[in-house]
Amino acid sequence: MPPAEPHAHAALVLAAGGSSRLGYAKQALRRDGKTLLRRTVRLALHTRPARCLVALGARAPDLAPLLDGLPAEIVHNPRWRDGMGSSLDCLRRALPEGPPVSHSLILGCDQPALDEAHLAALLAASRCTPDQAAVSTYGGTRGLPVVVPQGLWAAHPLQGDRGLRDMLAAARGQWVAVPRPDLAHDLDTPADVDAAVRRGWIGPPA
């Protein structure tokens, strides 16, 4: 297989979770008339990735049709109950099946404030520091979305809900921060959803 072109990236969308604290699929909540799942994948595609892979698990038969017509590859995660790390592992193992990439843009679909400008800023930061991860920072923490060089996470263990967090901690400063405070507002609980509705980020749950 030929080497990856410098800065060629894959977009990896994490959407396999069961939304257990909500009781319904947060992936199907809507912003501007689009489900958050479809909106997030469209944002990822706007970055012009070499590939766009989407991890689905819980409610996959209901969620997969939301991506009809988009050039995204669905990767089924049968271990989705094990946490985000299992989805990252599934996506990472699927990458060698296609054209080589030098970086992965990893994002979730439960940050309704996410926009194309922030993804562009992450990718620009990764181009300036190609051997380091470009990491979103908010609320005093590091989190999604991130852009990770393939060499940084090629062999790192990924399991549970701490796979990405532990990987960044192990990187020992091999990352650059891209601040975006409003990304701290994700959608894990009914209170989170109510707050996002009040801010006008999403419509009320159906």
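**View 1. Strand E1 in the predicted model, covered on both faces.** Counted along the strand, six of the six residues of E1 are buried, and E1 is accordingly described as mostly covered.

**View 2. The strands paired with E1.** Strand E1 runs parallel to E6, to which six bridges join it, and in that pairing Ala11 has Leu105 as its bridge partner. With E4, strand E1 also pairs in the parallel sense, here over five bridges, and Ala11 stands opposite Cys52 of E4.

**View 3. Helix H1 and the residue that follows.** Helix H1 spans residues 36-46, and its buried residues are Leu36, Leu37, Arg39, Thr40, Val41, Leu43 and Ala44. Just after H1, the backbone at Arg48 takes a positive phi of about 60°.

**View 4. The largest nonpolar core.** This core holds 38 residues, and those with the most contacts inside it are Leu37, Val41, Val54, Leu56 and Ile202. Among the elements that give two or more residues to this core are strands E1, E4, E6 and E7 and helices H1, H2, H4 and H7, with H1 giving the most, namely five residues.

View 5. Leaving aside residues up to four places away in sequence, Leu56 touches Ala15, Ala16, Leu37, Leu63, Ala64, Ile74, Val75, His76 and Asn77.

Notes
Residues numbered from 1 in each chain as written. Predicted model: local features only at pLDDT ≥ 70, side-chain atom pairs only at ≥ 80, totals over all residues. Heavy atoms only, no water. Buried < 20%, exposed > 50% of the residue type's maximum accessible area, 1.4 Å probe, protein only. Helix = DSSP H or I, 4+ residues; strand = E, 2+ residues; numbered from the N terminus. Core = buried A, V, L, I, M, F, W, Y, C linked by side-chain atoms within 4.5 Å. Contact = heavy atoms within 4.5 Å. Pairing = 2+ DSSP bridges.
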